[in-house]
Amino acid sequence: MEHNEEQPILIAQSGPLDGKRWIIEDELVIGRDSSADLIITTPDKQVSRRHAMLTMTKDGILIKDLGSKNGTHLNGARIEESMLLQDGDTIQIALAQQFVYLSSDATVPLQMNADNSSIPKTHRLYIDKRGRRVWLRDQELIPPLSVAQYTMLELLYDHDNQVVSRQDLVEAVWGEEAYEVSNQALDALVRRLRDRLAELDEHNFIVTVRGHGLRLDNPSR
């Protein structure tokens, strides 16, 4: 089908539809029912008949959960109301299927494909920044990290084996609200991130350097 490359698209990742793409022209209903525009079929029926909906508005693309049993997550956080999508956002439908939203076809990475061949896999932990996806030992972390967890991990990933100060971490994660963040809040986020990584690999990736900050210990494969 011919289309303007400025049209927003949805790309399936990490699920039965991996690699497929949909242009969002008006409204896109996601679910397992045959009447849905984007059908996800799983044997355990994790996906509701009408699970979520994407709608084009004058402000951009809105995503809304349609009262699904197992939830719709945006960048790792379950949505309770309509949310405006941003370029590169990740959408998780229950635990069945992940998508990445791109504001136009022109922004699709040339190397993005189902086998993730564009992603360097020289270390045990690696990140696809375009899709905000995290792998450990060739297994993707599902469900995705929360926005705060991912932001912290990406900063450490960019400074592999270098110490990042606690202040830099707080400012990266909390932005303008950094001045209100306690040490306990940062420590709690670090614990949650360690727990998520430990689901797939027991190696201690997040190392505390007392009096200085944190560093990422990411061994070679």
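A cavity is a set of points, on a 1 Å grid over the protein atoms alone, where a 1.4 Å probe fits but cannot get out; its lining residues have an atom within 4 Å of a point. In this structure, the largest cavity is lined by Gln98, Arg132, Arg133, Val134, Glu140, Leu141, Pro144 and Leu145. The model is predicted: local features need pLDDT of at least 70, side-chain atom pairs count only at pLDDT 80 or more, and totals for chains, interfaces and linings use all residues. Residues are numbered from 1 along each chain as its sequence is written, and side-chain values use heavy atoms, with hydrogens and water left out.

**Cavity**
- Searching the whole structure gives 1 cavity of 30 Å³ or more.
- The largest cavity holds about 30 Å³ of space, a volume being the space filled by probe spheres set on the grid points, which are joined across faces, edges and corners.
- Its lining has 4 nonpolar, 1 polar and 3 charged residues (nonpolar: Ala, Val, Leu, Ile, Met, Phe, Trp, Tyr, Cys and Pro; charged: Asp, Glu, Lys and Arg; polar: the others, Gly among them).

**Helix α2**
- Helix α2 spans residues 166–174, and its buried residues are Leu169, Val170 and Val173 (buried: under 20% relative accessible area, with a 1.4 Å probe and protein chains only; helices: DSSP runs of H or I, at least four residues; strands: runs of E, at least two; both numbered from the N terminus).
- Down the α2 axis these residues fall within an arc of 100°, so they line one face of the helix (the arc is that of the directions from the helix axis to the C-beta atoms).
- They pack against α1 (147–158), β15 (164–165), α3 (183–198) and β17 (213–216).
- Glycine 175 follows α2, with a positive phi near 60°.

**Glutamine 149**
- Glutamine 149 sits in helix α1.
- Its relative accessibility is 8%, so glutamine 149 counts as buried.
- Beyond neighbours within four places in sequence, glutamine 149 contacts Leu189, Arg192, Leu193 and Arg196 (contact: heavy atoms within 4.5 Å).

**Aromatic pairs**
- There are 2 aromatic pairs (rings of Phe, Tyr and Trp, its six-membered ring, with centres within 6.5 Å; planes under 30 degrees apart are stacked, over 60 edge-to-face, the rest tilted).
- Tryptophan 22 and phenylalanine 99 pair edge-to-face, at 5.9 Å centre to centre and 75° between the planes.
- Tryptophan 22 is in strand β2 (residues 21–23) and phenylalanine 99 in strand β11 (residues 97–102), so the pair ties together parts 77 residues apart in sequence.
- Tryptophan 22 is buried at 17% relative accessibility; phenylalanine 99 is buried at 0%.
- Tyrosine 126 and tryptophan 135 are stacked, at 5.8 Å centre to centre and 10° between the planes.
- Both tyrosine 126 and tryptophan 135 are buried.

Definitions and conventions
Buried means under 20% relative accessible area, exposed over 50%, partly exposed in between (1.4 Å probe, protein chains only). On a 1 Å grid over the protein atoms alone, a cavity is a set of points where a 1.4 Å probe fits but cannot get out, and a pocket is an open set with protein on both sides within 12 Å along at least five of seven lines; lining residues have an atom within 4 Å of a point.
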